[in-house]
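Thanks, everyone, for making the time this morning. Please have the sequence and the structure open while I talk.

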Amino acid sequence: MRQRAIRNLAKLEMTQARITRVLDAATGGKNNFVADRDAIRRYDQAAPIVTTAARAVLQYLCRVVRHLATEGVDQFVIVGSGVPSGLPAGRQLHDVARDALGVAVPRVVYGPSRESWRLRFLRTCE
């Protein structure tokens, strides 16, 4: 297990901005690097609405998850968002769903937006 974690860490590219981490930086999250924060600063200089829009999307996603959970949905697949850390501590999407469900524990899967992953997931659902 430790060897796999070390191999994954070695693959981590910290000098090039990645869209998931840029969005995390835009929403005030902690899972980003200098390159990602530099990218969001450049976006904000070109179009100041970018950070506001990113936060609005995250708030919308929370409202959708909360609404669906209050309607009884207890399984969620969040595709392409990364694990957003721009929410206050203890307020990730699985926390939002859990709070709305009350005692029930939701099943939340955060998945990448790569096409191959989506196709593989859809095949398993058939």
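Predicted model: local features only at pLDDT ≥ 70, side-chain atom pairs only at ≥ 80, totals over all residues.

The mean pLDDT of the protein is 78, with 68% of its residues reaching 70 or more. That confidence is lowest in helix α1, residues 2-11, where the mean is 58, and highest in helix α3, residues 34-46, where it is 93.

Turning to the helix pair, the axes of α4, residues 49-70, and α5, residues 93-101, come within 8 Å of each other and cross at roughly 30°, and the crossing is right-handed. On the α4 side the contact is made by Leu61, Cys62, Val65, Arg66, Ala69 and Thr70, while α5 brings Leu93, Val96, Ala97, Ala100 and Leu101. Sorted by class, these are 9 nonpolar residues, 1 polar and 1 charged.

Now to the cores. Which residues make up the largest nonpolar core? There are 9 in all, namely Cys62, Val65, Ala69, Phe76, Ile78, Leu93, Val96, Ala97 and Leu101. The elements giving two or more residues to this core are α4, α5 and strand β1, which spans 75-79, and the largest share, 4 residues, comes from α5. Apart from this core lies another one, of 6 residues, which include Val22, Ala26, Ala39 and Ala54.

To bring the two topics together, Cys62, Val65 and Ala69 of α4 take part in the contact with α5, and Cys62, Val65 and Ala69 also belong to the largest nonpolar core.

Key
Residues numbered from 1 in each chain as written. Heavy atoms only, no water. Axes fitted to C-alpha atoms, helices over the stretch in contact; angles between N-to-C directions. Left-handed = near helix turned anticlockwise from the far one by under 90°. Contact = heavy atoms within 4.5 Å. Nonpolar A, V, L, I, M, F, W, Y, C, P; charged D, E, K, R; others polar. pLDDT = per-residue confidence, 0-100. Core = buried A, V, L, I, M, F, W, Y, C linked by side-chain atoms within 4.5 Å. Buried < 20%, exposed > 50% of the residue type's maximum accessible area, 1.4 Å probe, protein only.
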